[in-house]
Amino acid sequence: MNNRDFSQETKQEFGISRFDIAEYLDSEEMIQAYLSQVIEEGDPQEFLRALGHIARARSMSELAEKTGLGRENLYKVFSGNVKPRFDTVLKILKALNIEFIPAVK
């Protein structure tokens, strides 16, 4: 049973609301922990969706302005349904002020 199985009245009665991870990404530490976990899991589509959550938490409009990419294009990238070019991902990371530091294990 998922959230859509409940009527609107039932949702209101029990205080059920849609979960949005972007609401919890309110500090650099939370963003770092979240992104680290997603990277550890190794799913490239989930990584792109995670960047989208971070972008929404910060400001999608600001990201669009900093990257020069349209909001519609950004939403497509963050859907996980398209495979963006590596330079696009780097541009997004730079605009979000996220730095990857390679480390040898």
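I shall begin with the basis of the model and then turn to its side-chain contacts.

This is a predicted model, in which local features need pLDDT of at least 70, side-chain atom pairs count only at pLDDT 80 or more, and totals for chains, interfaces and linings use all residues. Residues are numbered from 1 along each chain as its sequence is written, and side-chain values use heavy atoms, without hydrogens and water.

The structure holds six salt bridges, a salt bridge being a side-chain nitrogen of Lys or Arg within 4 Å of a carboxyl oxygen of Asp or Glu. One of them joins Glu 28 and Arg 58, at 2.9 Å from N to O. This pair links distant parts of the chain, 30 residues apart: Glu 28 belongs to helix H2 (residues 28–41) and Arg 58 to helix H3 (residues 44–58). Helices here are DSSP runs of H or I with at least four residues, numbered from the N terminus.

Within helix H3, Arg 49 and Glu 46 lie three residues apart, about one turn of the helix. Their salt bridge has its closest N and O atoms 3.1 Å apart.

A further salt bridge connects Asp 87 with Arg 85, at 2.6 Å from N to O. Is Arg 85 buried or exposed? Arg 85 is exposed, because its relative accessible area is 58%; buried means under 20%, exposed over 50%, and partly exposed in between, with a 1.4 Å probe and protein chains only. Asp 87, at 39%, is partly exposed.

Thank you for your attention.

Notes
Helix = DSSP H or I, 4+ residues; strand = E, 2+ residues; numbered from the N terminus.
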